[in-house]
Amino acid sequence: MRSAILLGAAALVAASPAPQALDLNAVHNAPAPTGPAFGVQKQDNVYNTAAAASSATAAASTVATAEATAPVPGKRSLDKRTFCWWFWCPQPPSNGGYGQNTPQPSNTGYGQSSAQPTNTGYPTIPVTTATSVQTTTTLAASSPAPTSTGIVPSTCTPVSWTNTFAFTTATDCAKPFEQGTFCGFINPEDPCAPQPDGYGPKAQVDTADAFLADAALHKIAKNAQDPKGYASTFKDLNAAVNANTYLGFDTLKSYDVAGCAAKCDSIDLCTSFNIYMERDPAWNPEQCSCPNPTSITNYKCSYWGSGVTSEAATNAGQNRTGGFQVVITGSNGYTKANTTTPVTPAGCTKPSKCGAIHDHPRTCLAQHFFPGPFDVSLCSKYAQAQNAKNVASTSWSKWLSYFGYNPNKCNFFNAFMIKENGIPKGTYCKLFAQQYESSAATYQPGWQGSSFYEAETSWSYCL
């Protein structure tokens with residue numbers, strides 16, 4: 001009976017060979033990095049968790065099988081096997097499933113990697129646990145007068161523009177106002193509309209170059225204190241972060257680093273933030289007869305589901321209609337990514353932080369890359385969907401579990417944030433048919449062509 005079952009497994013192996021170390025093409029071809037939109041004051045709920053979960057389930061589109069039809073031994077004796085029986089999961093051996101004299105190669109499936117160190121050496125700070133509940137946090141801030149008076153010169157009028165919004169009236173409101181808004185509301189997206197906020201100091205000379213050179217703005221960023229629980233990753237850059245791990249942003253009333261950290265703490269999956277000052281137009285220059293407005297200075301804070309690095313600070317601003325230049329300065333980055341314990345997904349056990357990536361080709365079932373914030377629940381859903389797909393495809397898969405090792409069943413997965421050239425790209429998942437200790441995670445892809453790849457945050461779980 002056992003031989004017949006293994007023959008069935010071998011047939012599946014022939015149809016679905018073990019995957020390569022990493023699908024770096026998927027990482028390289030990820031959607032373009034994003035960040036805070038210009039011309040708006042805040043963005044919330046950028047990451048669609050339901051859609052992400054659906055994509056994780058859909059990723060298990062075909063039957064996947066590990067190459068090995070029997071457990072990969074850690075020693076000559078099979079007394080200690082690193083796989084889960086259907087009713088019991090033994091602890092894996094301390095050497096992670098590899099013999100003491102047979103170290104796992106660190107560059108499996110690729111050429112020699114550079115010895116460039118990974119970007120995980122953040123200062124030691126208290127470990128926090130990620131929360132899956134969003135709460136509302138009031139950003140503590142002083143309330144200075146805004147640099148914008150909200151007054152637009154009377155000579156500024158819309159050009160070739162008709163307001164197509166429906167309007168309504170109210171007895172206590174002197175003018176009609178747009179439906180769905182409130183009395184006195186002026187849509188900041190309308191041509192010539194005054195822009196809200198603007199609580200930061202203005203440069204004495206109202207030009208983009210003077211803004212970037214203003215010593216007072218740079219002093220604000222350089223003197224900012226690191227918030228509790230976070231480590232500084234860069235200070236006083238002239239650009240803001242753009243990455244695939246964007247979660248939203250707020251416009252503040254001060255350079256409130258502590259308040260920004262508190263808001264990040266309240267956002268699901270947020271492990272870093274970027275605070276900066278931005279030169280914005282005092283009114284909307286689009287389709288306006290006054291195309292080059294005076295400027296205001298906004299304090300902005302963006303939130304990220306990964307670390308934030310200077311390499312990812314590529315957003316230097318934009319040119320608006322009429323030549324107005326939006327520019328950025330005083331940009332500081334802070335992270336707790338390396339000291340945050342992710343929420344363990346339902347149905348998973350033995351969370352373990354890894355120093356690198358698990359790469360065990362013979363027991364690897366499948367892998368998939370998901371652009372976006374670091375979200376270990378995607379790997380859990382992907383693994384469970386893959387198991388369901390495999391079980392549904394053949395009766396052999398169910399029977400194999402009774403004998404302990406099943407090359408068609410994911411018992412263990414590795415979830416990690418992968419970076420390309422220092423920029424966080426998304427969550428990468430690798431599924432395995434047997435368990436390994438964190439010490440067995442030794443692989444970093446390094447240089448591949450002209451790009452350098454590395455794992456920023458890596459965790460493993462047993463199903």
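A disulfide is taken here as a pair of cysteine sulfur atoms within 2.5 Å. The model is predicted, with local features needing pLDDT of at least 70 and side-chain atom pairs pLDDT 80 or more, while totals for chains, interfaces and linings use all residues. Residues are numbered from 1 along each chain as its sequence is written, and side-chain values use heavy atoms, without hydrogens and water.

The sulfur of cysteine 348 is 8.5 Å from the closest cysteine sulfur, that of cysteine 462, which is too far for a bond. Cysteine 410 is likewise too far for a bond, with cysteine 462 holding the closest sulfur at 8.6 Å.

| Pair | S to S distance |
|---|---|
| Cysteine 156 and cysteine 290 | 2.0 Å |
| Cysteine 192 and cysteine 288 | 2.1 Å |
| Cysteine 260 and cysteine 301 | 1.4 Å |

The link of cysteine 260 and cysteine 301 runs from helix 6 (residues 257-266) to strand 8, 41 residues apart. Helices (H or I, at least four residues) and strands (E, at least two) are DSSP runs, numbered from the N terminus. Cysteine 260 is buried at 0% relative accessible area, where buried means under 20%, exposed over 50% and partly exposed in between (1.4 Å probe, protein chains only). Cysteine 301 is also buried, at 0%.

The torsion about the S-S bond of cysteine 192 and cysteine 288 is about 110°, so this disulfide is right-handed. Both cysteine 192 and cysteine 288 are buried. With -100° about the S-S bond, the link of cysteine 156 and cysteine 290 is left-handed.
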